[in-house]
Amino acid sequence: MHHGERGKNLLIQPLLILNAVIMLYPLFVMVLSAFKTNAEIFASPFALPDSLSLVNAARMWNETSFVRYLLNSIAVTATSIAAIVVFGTMAAYAIARYQFRLSAAVFLFFLSGLMVPLKLAIIPLFIQLDTLGLIDTRLGLILIYVAMGLPSSVFILTGFLRTLPGELEESARIEGASELRTMLSVMLPLARPAMVIAAIQNALPIWNDFFFPLVFISSDRLKTLPQGLTVFMGEYNTDWGVLFAGLTLAALPITLVYVVLSRQFIAGLTQGAIK
Amino acid sequence: MIRPRQRAATARWRLRLWILLLLAPGLAVMTLFVAAPLLSSFRYAFYRFDGLLPAAFIGLANFRDVLAEAPYAATTWHALAHNCIVFAALMVAQNGLAYLIAFALLKALPGHRLHQVIVFLPVVLSAVIVGFLWKLFFHPLFGLVNAALALVGLHGLPWLGDERTALGAIIFTNAWHWVGFPALIFLAGMQRISRETLEAARIDGANDRILMTRIIWPLVAPSATVVVILTFIGSFNWFELPYVMAGATGSPGGATDVLGLYFYRTAFGTAASGLTDFGHGSALAVLMFLFIAVVSALALRVLRRREIEA
C-alpha cells in the first residue's frame, strides 16, 4: 500500500470505531440499565450499575407472561420454518427434477408471491382466517407465515436442485429405488445447504414479526414475544429497570443465535436481497 | 395379467400423482393465503362493508373518499407526504452513511470482519425492541439522548413529543436499526469490482473521493438498485417503528402519521375506537399496492438502464 494511503487509513479506522460505538453503545446501556433501579437510571444513566442485581429480570420472568410469549414465539417460528422448508423443498423438487406441462406456470405462481407485500392483503386475510375459524389461533399465524416464506424458499431450492446432476437419480432408479426413496436418500441430503439458507432467510422476519400477531392474536396466552413486549411496556411504564430488563431478555435469544451464526445470517439476508 | 403398454400407462399415472402430491401443500397454502386474498382485496375495495361482510357494491366511492373527500383525503395526503419525507431522509442519511461504511470496510483494515458483525447486529433485532429502546432514550426527562446533550451543555428537547422533531427521531431510529443492511449490500457489490480496476485508478492518481464517486459508484449500480427499491418499498410500508414509538394515530397531532398507520387505523380501528372500516381500508391498500408496484417497476427500469450504461 502507498504511504499516503496508510496515513488516510489512520483517519478511517477511528471513524469505523466511532461507528461501532454508535451501534453498540445503546445496546450496552440497555443491558446495564436492566441491572439498575429507577433511581440509578435517572441519576446516573451512563454509570455502571451499583450491583449486578437480577431483581428486574426476575420480576420480568415471574410477574409477566414473558416465558409464555417466548415459548409461543419459538413454537410459531419453528413450526413455520419446518413447514416452509418441507413444503418448499417438495414443490421445488417437483419443479426442478420432473418435466410436466404446467411446470413453468407453477414456478411463476410461486415466484409471484415474492412481489406481493402480504401486509397489504391483511383485510382479505382477516376475512379468510375468520371464515376458516383461525382468527386468534397459532395455526392461522403459522399458515400466513408459510405463505410468506414459500416463494423465496421455492426460488432458492429450485435453483439449487436444478444444478444437481441427473446421473444420481438415474442410477438410483436403475437400482430400483422408488421416486420417494430417490428423493429422500439420494437427492435431498445434497440440498441441505440451500435448505439452511431458506430457513435462515425466513426465520428472522417471522421471529421478529409484529404486524400479523397484532391483527390476528388477541388472547394473551397466544401472544408472541414482539407483541408481548407491547403489553408489558404499557404495564410497567414507570418502572424503567424492568422495561430495560424486558428489552434485554427479548433481544437475548436472537442476539446469541446471531453471534454464533453471524456469517450465515449476513450471507442469507443480503443474498436474499441481491438474488 | 398386465400388458406392457398398460404397465407403462400405470407408471405414468403414478408419476403424475407423485408430482401432484409434491406440489399440493405448497400450492394449497399459496392459493388460500396469497392468491385468493390478493384478488379479493381488489374486489373488496368496491364494496361498503357491514362489519366483516361486504354489504353493497358502491363502485369507486371508496377510492373517491380516500383520495378526494373529507375527512379521509386530508389524512391520506398528509400521511403520503410523510412517507415521501421518510424515503428521502432514509436515502440520504441511512443509505448515504451505509455507502461510506461499505467503502471504509472495503479497505479491509484490521477488525473489518468484526465491524461487519457489529453494524449488522441491530438489523437482526425486532423493530419492536429497537422502537421501545429508543423511545426510552428519547424520553425528555430521563432519556439517554438528553442526558448526553446535557453533558455538553445543550438543552434537550421532548423529541417524540414535539411535532417538529418526532418524525425525525423515528427516522433516526430507523437508520440506526437498518444501516447495516444497505452497508453490507453495497460492500458485496464493491467486493465484486476487480482489484485491477481499483489499482489502475489508484495509479492514475485517483484519491478516495474520486474513487468513491467516479469509479466505484457506477460499478455498484446493481447494489444501488436493490437498496433504492427496498428502501422505497420499506418507506411506503412503514408501520412497526412509528406504531411502537408514536402510536396508531401518529402522535403528536398526526406529525408522524404515515400510510401504514392510517391504513391500519381505518381497517382495524384504534384502542380508542374499535371501529373497523374494511371498505375504505381495502381502497387504501389497493392504492398503496398499485403505487408501490408502479413506482418500483418504473424505478427498476430506469435503474437497470443505468446499470447497463455503467
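Predicted model: local features only at pLDDT ≥ 70, side-chain atom pairs only at ≥ 80, totals over all residues.

Visitor: OK, chain A by itself. How many helices and strands?

Guide: Chain A has 13 helices and zero strands. Read from the N terminus, its elements are α-α-α-α-α-α-α-α-α-α-α-α-α.

Visitor: What is its radius of gyration, and what would a compact globule have?

Guide: Chain A has a radius of gyration of 24 Å, whereas a compact globule of 275 residues would be near 19 Å. The box filled by the C-alpha atoms of chain A is roughly 75 × 70 × 35 Å along the principal axes.

Visitor: How much of chain A is buried?

Guide: Buried residues are 43% of the 275 residues in chain A. As for contacts in chain A between residues at least 6 apart in sequence, 76% join residues at least 24 apart.

Visitor: And chain B, how many helices and strands there?

Guide: Chain B has 14 helices and two strands. Its radius of gyration is 25 Å, well over the 19 Å that the globule rule gives for 310 residues, so chain B is more spread out than a compact globule. The C-alpha trace of chain B spans about 85 × 60 × 35 Å along its principal axes.

Visitor: What share of chain B counts as buried?

Guide: In chain B, 43% of the 310 residues count as buried.

Visitor: Let's look at some helices. How do α3(B) and α7(B) cross?

Guide: Helix α3 of chain B is residues 72-106, and helix α7 of chain B is residues 166-178. Their axes come within 10 Å and cross at roughly 45 degrees. α3(B) and α7(B) are therefore oblique to each other. The crossing is right-handed.

Visitor: Which residues meet there?

Guide: From α3(B) come H82(B), I85(B), V86(B), A89(B), L90(B), A93(B) and Q94(B). They meet L167(B), I171(B), N174(B), A175(B) and W178(B) in α7(B). The residues of this contact divide into nine nonpolar, three polar and no charged.

Visitor: Why do the numbers in a helix contact go up in threes and fours?

Guide: An α-helix has 3.6 residues a turn, so residues three or four places apart point the same way.

Visitor: What about α8(B) and α11(B), at what angle do they cross?

Guide: Helix α8 (residues 180-191) and helix α11 (residues 221-236) of chain B have axes that come within 8 Å and cross at roughly 160 degrees. An angle over 145 counts as roughly antiparallel, and α8(B) and α11(B) are therefore roughly antiparallel to each other. In this contact, P182(B), I185(B), F186(B), A188(B) and G189(B) of α8(B) meet P222(B), S223(B), V226(B) and V227(B) of α11(B). Seven of these residues are nonpolar, two are polar and none is charged.

Visitor: Why is helix α13 of chain B described as largely enclosed?

Guide: Nine of the ten residues of α13(B), residues 259-268, are buried, so the helix is largely enclosed by the rest of the structure. Among the buried ones are L261(B), F263(B) and R265(B). After α13(B) comes G269(B), with a positive phi near 75 degrees.

Visitor: Last topic: where are the cis peptide bonds?

Guide: One runs from A70(B) to P71(B), with omega near 0 degrees. P71(B) is in the loop between α2 and α3 of chain B. Another runs from S251(B) to P252(B), with omega near -5 degrees, and P252(B) is in the loop between α12 and α13 of chain B.

Terms used:
Residues numbered from 1 in each chain as written. Chains lettered and ligands numbered in written order. Axes fitted to C-alpha atoms, helices over the stretch in contact; angles between N-to-C directions. Helix = DSSP H or I, 4+ residues; strand = E, 2+ residues; numbered from the N terminus. Parallel < 35°, antiparallel > 145°, perpendicular 65-115°, else oblique. Left-handed = near helix turned anticlockwise from the far one by under 90°. Contact = placed C-beta atoms within 7 Å. Nonpolar A, V, L, I, M, F, W, Y, C, P; charged D, E, K, R; others polar. Buried ≥ 20, exposed ≤ 12 C-beta atoms within 10 Å, placed from the backbone. Rg over C-alpha atoms; globule rule 2.2 N^0.38 Å.
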